[in-house]
Amino acid sequence: MEKDDFLQLCRNNATAGNHGLSAAILPAVRQYLLNRPGGKLPVIWLETSDSGDNNIAFMNTTYPYLHQVFTDMIDLLYSNTFMAAQGSDALLLLESAAEGRYGPFTLIVEGAVPLKDGGIYNVIARTGSGPITALEAVKRLGAAAQYVVAAGTCASFGGASAAAPNMTGSVGVSQVLKRQVINVSGCPVNPDWLVGTLAHLLMYGIPELDDLNRPKLFYGFTVHRHCQRRSYFDNKDFAEKLGDIECMFSLGCSGPRTGADCPYRQWINHVSWPVKANTPCIGCTNRDFPDGSAPFFTPLPQKGKTGSAGQPPAGKGEKP
Amino acid sequence: MSKQKILFSPVTRMSGLLTAELAVEHGIVAEADVSGTMFRGFEYIMRDRHITDAVYLTQRICGICSTAHGAVASYLLDSLYDNDIGENAQYLRNIMFGADFLQNHIRHFYFFGLPDFVIMPNEPPFLNQNCFDCRLDDSDNRRLSGHYIEAVKAAEKSHQLLALFGGKAPHQHSFVHGGVAAAPTADKITQALALIRDILDFIRRCLLPDTDLIAKCYGDYYHIGETSGRFLSFGLFRFGGKNEHELWRPGVLNDNRLTRPKVDLIREDIANAWFEQAESPTKEETLPAPRKPGAYTWSKAVLYRGRHYEGGPLARMLINGFYSGGTSTMDRIVARTIETHLIAELVEEWLQKLRPGEPPVSQKKETVRDQAIAVTDAMRGALLHCARIRGQQVEKYDIITPTAWNFSPKDHRGNRGPAETALVGTEILSPELKYVIPGRIIRSFDPCISCATHLVEKRHLPAAHNIHDSNKFPFTSI
């Protein structure tokens, strides 16, 4: 598949009839792999400080399904969630993958990185010679990786793990590495965004990124721009309560300052998304989530002004 | 050579980061320290926020059981605002909560548990499986590892069912205080019924027989990983306009004696956890202390009447009389499968009872009280949220998670929690089984350290009424 066709497939904008990342991606990757001597993308997946929601979200991928991602796209060499190996056997695999035995690897991090007290608030494993903190692991593996992908908002920007008062001094992965980190934000990440990014890395290298280092493919437009309820907003027809069918701006919707394609991509085999469930978007892909979206049900102009510990929104964000 | 240490780190195939340190004497585990190695401080994060943010924000505690946190926070808000929950909302809430249970249990059995018992293909992510005690024949190994692939789809369908109504998963949006914001339209109900029938088919065709086969081949695990026989459940699936009825009853099971749990008998104990009491005598709370000598985990011990209690599917099945068995590794696995089947049948039944119509949600605007406790069982055991508010701002928010019960460290008297109890006394038959056997025991609890070690709070819960006094639930008297 040509790169432009692939981009079109991922963008899959509101005018396209098919809403999925689409079954077309898998045959394309298979075709590509036939001609690629290096084979699949070797991946080390580190879980640091998050709720584990990003690995669950990843399990929800459809077309390709999880097992198809494993067999046809990536070699998942280390993952606390999925790997059969355990204990020091798991760490041996990590070691050999980090040394490049399976080829140049991609590091996926889900979770923020605590900095306070030397990073002791997140230890990915203990060894005979002491604990391996998330900070140490991300620094070391991040320096050696071919690509670094931050999956979810905690890894991208700190997210809920860095919410005020941030007792652990948690930050996003890019803040502990002196190199490019591809942020695939979301709380959790939509599996299409992550799998699409991995497919792009495999076949075409680094995708075009926005000013927050996120693939423009998925984050290039605001939720507001493609919202099915945009006409209600334009007509100033606002919801009075959750469950209403009008525009959710009045109930705190962060759609106007949130870059994401939820309105047309939707979630879990593309069946729904928060506004379709008659609730506001809470801006979970944003750099300042969750504090910048709090209180969640307070309209945007008043957010952060009602005694919430959350920071006021950092700016107007993308143009609607 | 008679004394050895096993440092089992990381314990993979679970949610969050866990280490177990075992002291082995003459081939028998003599002592076990289970250690959650991550801390996020979620209870502090909840402070000074608008109380209605709790439903969405507390879901971010846990990715694999997010709906449990959303549910209990909704019950808590229903109490603070004195909402009335309509019948359609009750069914919808339980359908969504049930779907998240199915997701959790199917993924636990196949993604986390299966490689403990079944030889998987020797390719990523199954390299170095080192299952030295895998007893299935080749064709069964192939068949069950094929079911892993079917489980991928069955679990995805469970979350699809949840997202049909909830907007997304994890961290659904529509199960909020006052009801459910999504409309149970006829098309969604039809779609959901098709999904639950596919899931039920998977459970009957794969999960039930696969559990049977593993239980037969690994029958010795009915005597490995036994616990104290003390079980606790807060009950599951709330019904009634005030969330006052639990479909599956709550209970405290101790030596075959069943009583009703009272939250004022719950205490947290930080003797071996990385926490210390705040110095200020006016502030009744704990602070993280990562260098505390002798401590070994971010999970505090949770005690009921001064004793450790086990929660989870086995506790619920025993307390409700759906299963009569022991307290072993295999009992926990079998009980989870039984529960999965029961919940899938309930979800199908509830979907048929839904009446297509408008979104069943009605949120009151003014709070009628300034503190409340809400409880439910989550996938892996008893879950409690407790909040004190001023105006509509959170002053304090306390959370006690299921894994804090099951993976409690030793208390100040040195008594072990359920997982540690299950490990101690286990025979490690040969050196190459040093991870295999403890791994099976630990995973049978379905640990989730993302949940267990977020929390910081005061030692004692306030006195409260008996949570089973239906008119008094959730509490107002703290």
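Predicted model: local features only at pLDDT ≥ 70, side-chain atom pairs only at ≥ 80, totals over all residues.

Colleague: How many residues of chain B are buried, as a percentage?

Modeller: Of the 478 residues in chain B, 62% are buried.

Colleague: And what box do the C-alpha atoms of chain B fill?

Modeller: Roughly 65 × 60 × 40 Å along the principal axes.

Colleague: What about contacts in chain B between residues at least 6 apart in sequence?

Modeller: Of those, 73% join residues at least 24 apart.

Colleague: Switching to the interface. How many residues of chain B are in contact with chain A?

Modeller: 73 residues of chain B, against 73 residues of chain A.

Colleague: Which elements of chain B give two or more residues to that side?

Modeller: Strand E1 (3-8), plus helices H1 (42-45), H2 (54-59), H4 (87-113) and H5 (138-166) of chain B. H5(B) gives the most, with 11 residues.

Colleague: What is the split into nonpolar, polar and charged there?

Modeller: On the side of chain B that touches chain A, 37 are nonpolar, 25 polar and 11 charged.

Colleague: Now chain A. Which domains is it divided into?

Modeller: Domain 1 covers 3-219 and domain 2 covers 222-320. Their contact takes 21 residues from domain 1 and 19 residues from domain 2 of chain A.

Colleague: Which elements of domain 1 give two or more residues to the side that touches domain 2?

Modeller: Helix H7 (153-157) and helix H9 (216-219) of chain A. That side of domain 1 has nine nonpolar, 10 polar and two charged residues.

Technical notes: Residues numbered from 1 in each chain as written. Chains lettered and ligands numbered in written order. Contact = placed C-beta atoms within 7 Å. Helix = DSSP H or I, 4+ residues; strand = E, 2+ residues; numbered from the N terminus. Nonpolar A, V, L, I, M, F, W, Y, C, P; charged D, E, K, R; others polar. Domains from an automatic or database assignment. Buried ≥ 20, exposed ≤ 12 C-beta atoms within 10 Å, placed from the backbone.
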